[in-house]
Amino acid sequence: MKKILIIITFFGSISFGFSQNTSAFFKAADAFFKVNVSNGKVDYATINENPDALNKLMSLAKSVSVSKDDAKVYQAFWINAYNISVIKGIIDYYPIKSPLDKAGFFDKTKYTIAGTSITLNDIENKKLRAQFGDARFHFVLVCGAVGCPPLINTAYLPNTLDTQLQKQTEIALNDSNFIKVKKNKVELSEIFKWYKEDFIKNGNEIDYINNFRTESIAPKSKVSYYPYNWSLNKQ
């Protein structure tokens, strides 16, 4: 009987540790975004002067353990991890005018997150897109550029994730600067060209966009893509 109790206590402590670790990460991420993000823009200058909170957050992210079996925790964690790592990458080379100023910013630079060494592209494509196929990820993963959808000033949290994904997608797809409608023509962000396969699973790009629009785009509108603005999304 004693042996059984010891085993149960041991595994219970492991589960509790993971839970506490995840909770600490979400709490710290939420506090960080609230202080450093406003109107979709990041206060890189202030973070650069005092990077302690960012470094603590990256340190927390190293030891977090998440499983696809708990999909909302997993997705929320990796979305936040991506957005925080983008900021970390910019601060590591600050001042820069664009994330593209650093060669390999998305596909070569690695971060230690959840016990693995990983690039930004791998977070987006392997941890999220390949596992869940939700095109709304494109409107919450913020690449550090003005052309991206806006970064929110709170963390993405498991219990509010679906609402947050929906809201940010609606904001982006109803923004006249992001979806540019001109009579029978529509200019889309290059996000829709780079990841076209994500948006045409149940129709075409316009069909997808109209699922989130308050004013629908004419189905036969001519589609083109405007150049992505890679300027830094700084305050």
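The face of helix 5 turned away from its buried side carries two exposed residues, Lys126 and Ala130. Here, buried means under 20% relative accessible area, exposed over 50%, and partly exposed in between, with a 1.4 Å probe and protein chains only. The model is predicted, so local features need pLDDT of at least 70 and side-chain atom pairs pLDDT 80 or more, while totals for chains, interfaces and linings use all residues. Residues are numbered from 1 along each chain as its sequence is written, and side-chain values use heavy atoms, without hydrogens or water.

Helix 5 spans residues 120-132. Helices (H or I, at least four residues) and strands (E, at least two) are DSSP runs, numbered from the N terminus. The 13 residues of helix 5 reach 17 Å from first C-alpha to last, close to the 18 Å expected at 1.5 Å a residue. The expected span is 1.5 Å times one less than the number of residues. Leu120, Ile123, Glu124, Leu128 and Arg129 are buried in helix 5. Seen down the helix axis, the buried residues fall within an arc of 120°, so they line one face of helix 5. The arc is that of the directions from the axis to the C-beta atoms. The cover over these buried residues includes helix 4 (71-92), strand 3 (110-113), strand 4 (116-119) and helix 8 (196-199). Just after helix 5, Gly133 takes a positive phi of about 60°.

Strand 3 and strand 4 run antiparallel and are joined by four bridges. Strands pair if DSSP finds at least two bridges between them. Lys110 has Thr119 in strand 4 as its bridge partner. The two strands form a hairpin with two residues between them. In that turn, Ala114 has a positive phi of about 50°. Tyr111 and Ile113 make up the covered face of strand 3, whereas Lys110 and Thr112 lie on the uncovered one.

The largest nonpolar core has 71 residues. Such a core is a set of buried Ala, Val, Leu, Ile, Met, Phe, Trp, Tyr and Cys residues joined through side-chain atoms within 4.5 Å. Phe77, Trp78 and Ile87 have the most contacts inside this core. Helix 4 gives the most to the core, with 13 residues. Contact means heavy atoms within 4.5 Å. Leaving out residues up to four places away in sequence, Trp78 touches Val66, Ile113, Ala114, Thr116, Ile118, Ile123, Lys127 and Leu128.

A second hairpin is formed by strand 5 and strand 6, with two residues between them. Lys183 in the turn has a positive phi of about 55°. Strand 5 (residues 180-182) and strand 6 run antiparallel, with three bridges. Lys182 stands opposite Lys185 in strand 6. Strand 6 also pairs with strand 7 (residues 222-225), through four bridges and in parallel. There, Lys185 stands opposite Lys222. Strand 6 (residues 185-188) covers Val186 and Leu188 on one face and leaves Lys185 and Glu187 on the uncovered one.

One disulfide is counted, defined as a pair of cysteine sulfur atoms within 2.5 Å. It joins Cys143 to Cys148, with 2.2 Å from S to S. The link is left-handed, with -80° about the S-S bond. Cys143 is buried, at 7% relative accessible area. Cys148 is buried too, at 8%.

Asn36 is found in helix 1 (residues 2-36). Asn36 counts as buried, at 8% relative accessibility. Beyond neighbours within four places in sequence, Asn36 is in contact with Lys41, Val42, Asp43, Ile47 and Gln235.
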